[in-house]
Amino acid sequence: FSNAKEAKILHEYSFFDEKNNVNGVIDLLLIYIDHIDIVDFKLSHVDDELYVEQVKKYKNYISQLSTLPIHTYITGILSGDIKKVD
């Protein structure tokens, strides 16, 4: 995330996906000229499958709003671990 200063930064982005009847709050949305990064923060571990499903819902919603490539990450605040979710 070294180039985050080049992105439009949205914190706590609330949404409601009418198509899939899903609502949520994206912790961090980084919108670059050529792609979008979605970052979900967790306290420590990043490998819980529920977290993966959560960021996939975020990605699905944002893909309805933009044609840019979307990358999703789960970040452990205490551990410093970053997991890229495909």
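So, β2 and β3 make a hairpin, with four residues between them. When I say strand, that's a DSSP run of E of at least two residues, and a helix is a run of H or I of at least four, numbered from the N terminus. This is a predicted model, where local features need pLDDT of at least 70, side-chain atom pairs count only at pLDDT 80 or more, and totals for chains, interfaces and linings use all residues. Residues are numbered from 1 along each chain as its sequence is written, and side-chain values use heavy atoms, with hydrogens and water left out.

Strand β2, residues 22-31, pairs with β3 in the antiparallel sense over four bridges; pairing here takes at least two DSSP bridges between two strands. If you want a spot to look at, L29 has I38 in β3 as its bridge partner.

Now, how buried is β3? Six of the seven residues of this strand, 36-42, are buried, so the rest of the structure largely encloses it. Buried means under 20% relative accessible area, exposed is over 50%, and partly exposed is in between, with a 1.4 Å probe and protein chains only.

On to β4. β3 and β4 run parallel, joined by seven bridges, and D40 sits opposite I74 in β4.

Put together, that's an open sheet of five strands with mixed pairing, in the order β1-β2-β3-β4-β5. The edges are β1 (8-17) and β5 (82-85), each pairing on one side only.
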